[in-house]
Amino acid sequence: MQHCDTLIAPRWCVPVEPANVVCSEHAVIVTDGRVIDLLPLAEARQKYQPSAFIQKPDHILIPGFVNAHTHAAMSLMRGMADDMPLEAWLQEGIWPVEKRWVSAEMVRDGTELAVAEMIAGGTTCFSDQYFFPEIVAETAVDMQMRAMVGTPIIEFPTAWAADATEYMSKASDLVHDPYAEHPLISTCFAPHSTYALSDESFIELRVLADQLDVGIQIHLHETAAEVAAAHKNMGKRPFDRLQNVGLINASLLAVHSVHMSDAEIEVFAEFGVNIAHCPRSNLKLASGIAPVAKYLDRGINVAIGTDGAASNNTLDMLSEMRMTALLAKASASEASAVTASDALRMATLNGAMALGLGHEIGSIEPGKWADLTCVDLNRIHSQPVYDPVSQLVYTARADQISDVWIAGKHLLDNRQFAHIDTDNLLQRSNEWRDRFATAQY
């Protein structure tokens, strides 16, 4: 018999690739952090001698969720400025707090809180965009979490950098060292929006991204007000500005993309732009409903993100996946616009592809990292099970996530963290609440 580190035997396994496949009574074999086999359980027990044999008789095993867009440290601002439209939410609620309180300490504590929430919710990789990205990367490594760390680039000074030149210099340093070859950390440039950078800075950023061969993610056409203001002030829509400076390409992750014209959608499709769809944040901030069915019909890769906990207010990819399917059906007036299988793929493999990681994560295939999530469907509201993928998407809740592995490490075991002190996390988050609540802006 061949030795392996872990043999996982769920009731159902959904590899995502190939699409629309559900494997019953199969086993996933993991060695050295990677999937090495997926085969019927009876054959697996004859072929492999595991160090750990994990049986999950009422569970569905899926690739770990890929949260394609968030601001992890903003978990400390959860609920701070609720029930406000985006522009007021930023200018009156969030930016004053950030101006006074953003620091390496705040980013570390907020990111730890977010990572714990995401692991408990089945997320195994997140794409982040926030200040002190080196702290985000360090925290993810310490917590054994996979992350795409976006380095912020804006024109105005913050606690992290003084101007666009310094932002780009610090961003380049992070890309080069120490994470160029790190197994858990990838990096990209993350300009906040078109209204946060000049055309000259965008041109400089494009050259830098090409030289370093890294992607760019940006909030784009999030609200109708953003688009209208750009047209009024610059004479161009945000999309047009990016296209004019050569940033509409396959290395771009366009976050939100709620208010896109048909012509702009065609250009996205032509150039292979990826979209990070954040439905619950869009709804909560009254930003609108993205035309996801149109994107999919044109072959655009659409991933799912939660956005930050300050605007969602959770980092729950299960509820985000369900909302994605339901909103697409309603807005397209077509019940099959986004199926349960489509939604699962968007929350896993599509997210990995959008981050340039589709060759490493996002599906349960031999050779890929063993980033896995196990969900208990033996709950009253998830029974009976006719189609396990439908039950996962339309009925499952975050507290049904029983087990999570990242690079083969069992980080959540029967709902228990293997490595996170939640009492300490909660104490620090409450300390930040007290600081924020007593601040005078």
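**A tour from the cysteines to helix 9**

A search of this whole predicted structure finds zero disulfides. A disulfide is a covalent bond between the sulfur atoms of two cysteines.

To see the reason, select Cys125 and Cys188. The closest cysteine sulfur to that of Cys125 lies in Cys188, 11 Å away, which is too far for a bond. Cys125 is also buried, at 0% relative accessibility.

Next, select Cys374 and Cys13. Here the sulfur of Cys374 has its closest cysteine sulfur in Cys13, at 9.3 Å, again too far for a bond. Cys374 likewise counts as buried, with 0% relative accessibility.

Is Ser257 buried or exposed? Its relative accessible area is 0%, so Ser257 is buried. Display its surroundings: leaving aside residues up to four places away in sequence, Ser257 touches Leu220, His221, Phe268, Ile275, Ala290, Pro291 and Tyr295.

Continue into helix 9 and select Glu264, Ile265, Val267 and Phe268, which are buried. These residues cover an arc of only 160° around the axis and therefore lie on the same side of helix 9. An α-helix has 3.6 residues a turn, so residues three or four places apart point the same way.

What covers the buried residues of helix 9? Select strand 10 (216-220), helix 8 (238-244), strand 11, strand 12 (274-277) and helix 11 (292-297), which are included in that cover. Then turn to the face of helix 9 directed away from its buried side, where the exposed residues Ala263 and Glu270 are found.

Finish at Gly272, which follows helix 9 and has a positive phi, near 75°.

Notes: Residues are numbered from 1 along each chain as its sequence is written. This is a predicted model: local features need pLDDT of at least 70, side-chain atom pairs count only at pLDDT 80 or more; totals for chains, interfaces and linings use all residues. Side-chain values use heavy atoms; hydrogens and water are left out. Buried means under 20% relative accessible area, exposed over 50%, partly exposed in between (1.4 Å probe, protein chains only). Contact means heavy atoms within 4.5 Å. Helices (H or I, at least four residues) and strands (E, at least two) are DSSP runs, numbered from the N terminus. The arc is that of the directions from the helix axis to the C-beta atoms. A disulfide is a pair of cysteine sulfur atoms within 2.5 Å.
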